[in-house]
Amino acid sequence: MTDSVVRGFEDELSFIEKIDSVRYRVKKGFVPNMNVDGMIYVNDSIKDYLYEELEQYSKRGVSGFLPAVKQIANVASLPGIVGHSLGMPDIHSGYGFSIGNVAAFDTEDPLSIVSPGGVGFDINCGVRLLRTNLTEKDIEPIKEQLCQSLFDHVPVGVGSKGVIPMNIKTLNQALEMGVDWSLGEGYAWVEDKEHCEEYGRMLNADPTKVSERAKKRGLPQLGTLGAGNHYLEVQVVDEIYDKAAANKMGIDRQGQICIMIHSGSRGLGHQVATDSLTLMEKAMARDHIHLNDKQLACSRINSVEGQDYLSGMAAAANFAWVNRQSMTFLTRQAFAKAFNSTPDDLDMHVIYDVSHNIAKFEEHNVNGRPKKLLVHRKGATRAFAPHHPLIPVDYQFTGQPVLIGGTMGTCSYVLTGTELGMNETFGSTCHGAGRSCSRNKSRNNLSYTDVLDSLQAKGISIRVASPKLVMEEAPESYKDVVQVIETCHKAGISKKSVKLRPIAVIKG
């Protein structure tokens with residue numbers, strides 16, 4: 001049942017305590033049954049969005065969507081949660097969990113839960129960054145042709161179908177093996193796997209826990225970008241903040257060309273989430289799990305439903321890695337063709353591939369002792385510190401690269417993980433700019449021709465499958481990514497390394 005405590009705005013604010021310029025504690029009592037406090041990372045400019053949302057909620061009562069601060073607090077009431085229910089600077093309202101929420105559950109506690117709402121419908125939506133040895137001057141003469149070539153090579157849009165040959169047998173192999181499947185089929189380089197979170201394969205994946213309907217939806221979509229906020233961008237290195245970290249990534253000068261791919265598990269992941277929510281609602285009644293918000297549907301980690309979801313989610317995550325790998329293969333082909341060269345000669349190596357919608361078993365220190373936790377990151381990115389055993393050898397001294405995509409036409413960033421982040425946020429940071437208004441409001445307030453003209457005025461080439469959807473992804477619909485990044489950097493939960501500026505955008 002949704003929390004029905006209705007208070008005036010000033011009374012609501014009495015539960016939110018400012019710790020410092022970028023940290024706010026949401027105290028127990030803000031919603032019923034909180035097991036831990038909430039902790040939100042925002043600076044003054046971002047805080048206003050949250051407070052405005054909360055003020056509107058306190059005026060209208062319990063009707064409509066829950067503000068993100070309430071969602072952070074409701075997650076703090078879930079069984080088995082440890083530390084804080086965490087909100088990253090790009091936080092905004094989502095399904096059950098807010099986007100930008102991180103929550104960890106103690107696997108030693110038999111009451112601890114797993115919740116699909118804490119992962120999101122687009123399982124393993126994530127970002128991949130490729131480098132090249134090209135410069136902006138190399139791209140400029142053929143930018144429009146290259147943009148068109150990428151649009152032709154990589155299927156985009158809502159109903160797009162993949163060009164990678166796939167049948168149900170090979171789909172099951174891809175669901176189980178992730179990037180290892182791509183490697184075997186010749187779509188990946190050995191180094192690609194090394195530079196993926198989880199090495200591009202979650203070992204607990206079980207294709208039998210993915211429904212036939214989910215597989216049917218995923219079968220034609222492998223190697224496709226999709227629509228919404230997904231994109232492929234050709235980007236230029238605009239600023240280097242940390243030369244040592246950038247050098248380890250193969251980024252050594254301003255003007256260098258990189259390619260960012262942002263996509264997920266398409267219809268397959270969405271169906272896995274939908275299927276599990278139905279089963280978990282029944283499991284909650286059986287196990288007497290009572291929630292503040294029914295959108296937080298969950299089950300005990302060790303229940304049949306919990307284990308089945310984790311196995312199906314892992315398979316969907318593997319599908320997403322194969323999907324980004326397939327688009328990497330197609331992107332390399334497009335660049336090689338455009339420059340009459342080979343991907344190897346163009347140094348088109350994967351810098352890293354991160355997930356920002358996932359739940360994983362990880363070891364973290366809680367109250368001074370190591371514990372195995374199930375960490376949910378929804379619209380949040382893993383950001384492990386230097387010397388962590390789960391990051392590649394190349395990045396042992398710099399920390400894990402963290403890829404933060406900007407909004408359409410704005411800058412993206414590469415950050416690195418920090419020790420403070422390991423201690424405070426279970427090694428997590430933001431994932432993007434975070435919406436500041438609904439898609440519906442964006443459609444009503446903006447003209448798609450204005451958005452496209454604005455991009456062209458900035459010298460950005462663009463190819464869009466659905467022009468009328470671009471208003472939803474216009475920079476005006478999002479928070480300022482610079483403020484989000486500065487908040488994470490100032491809080492010390494991740495560290496600025498490289499700033500990237502888009503010069504060509506491919507969208508669904």
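1. Taking a salt bridge to be a side-chain nitrogen of Lys or Arg within 4 Å of a carboxyl oxygen of Asp or Glu, the count for this structure, which is a predicted model, comes to 32 salt bridges.

2. Arg25 and Asp37 meet through their side chains in a salt bridge, with an N to O distance of 3.8 Å. Because Arg25 lies in strand β2 (residues 23–26) and Asp37 in the loop between β2 and β3 (38–41), the pair ties together parts that are 12 residues apart in sequence. Arg25 is partly exposed, at a relative accessible area of 23%, whereas Asp37 is buried, at 19%.

3. A salt bridge with an N to O distance of 3.6 Å joins the side chains of Glu239 and Lys499. Since Glu239 belongs to strand β8 and Lys499 to strand β19 (residues 494–507), this pair ties together parts that are 260 residues apart in sequence. Glu239 counts as partly exposed, with 32% relative accessibility, while Lys499, with 15%, counts as buried.

4. In the salt bridge between Glu362 and Arg377, the closest N and O atoms are 2.9 Å apart. The pair links distant parts of the chain, with Glu362 in strand β12 (residues 357–366) and Arg377 in strand β13 (residues 369–378), 15 residues apart, and both Glu362 and Arg377 are buried. Elsewhere, salt bridges that share partners join Glu136, Asp238, Glu239, Lys499 and Arg501 into one network.

5. Strand β9 (residues 256–263) has 8 of its 8 residues buried, so the strand is largely enclosed by the rest of the structure. In a regular strand the side chains alternate between the two faces of the sheet.

6. Strand β7 (residues 126–135) runs antiparallel to β9 and is joined to β9 by 7 bridges, with Gln256 of β9 as the bridge partner of Thr135. Strand β8 (residues 231–240) is likewise antiparallel to β9, with 6 bridges between them, and here Tyr231 has His262 of β9 as its bridge partner.

7. With a cut-off of 2.5 Å between cysteine sulfur atoms, the count comes to 0 disulfides. Cys125 is in no disulfide, the nearest cysteine sulfur being that of Cys430, 14 Å away; Cys125 is buried, with a relative accessible area of 5%. Cys411 is also in no disulfide, and the nearest cysteine sulfur, that of Cys258, is 13 Å away; at 16% relative accessibility, Cys411 counts as buried.

Conventions
Residues are numbered from 1 along each chain as its sequence is written. This is a predicted model: local features need pLDDT of at least 70, side-chain atom pairs count only at pLDDT 80 or more; totals for chains, interfaces and linings use all residues. Side-chain values use heavy atoms; hydrogens and water are left out. Buried means under 20% relative accessible area, exposed over 50%, partly exposed in between (1.4 Å probe, protein chains only). Helices (H or I, at least four residues) and strands (E, at least two) are DSSP runs, numbered from the N terminus. Two strands pair if DSSP finds at least two bridges between them.
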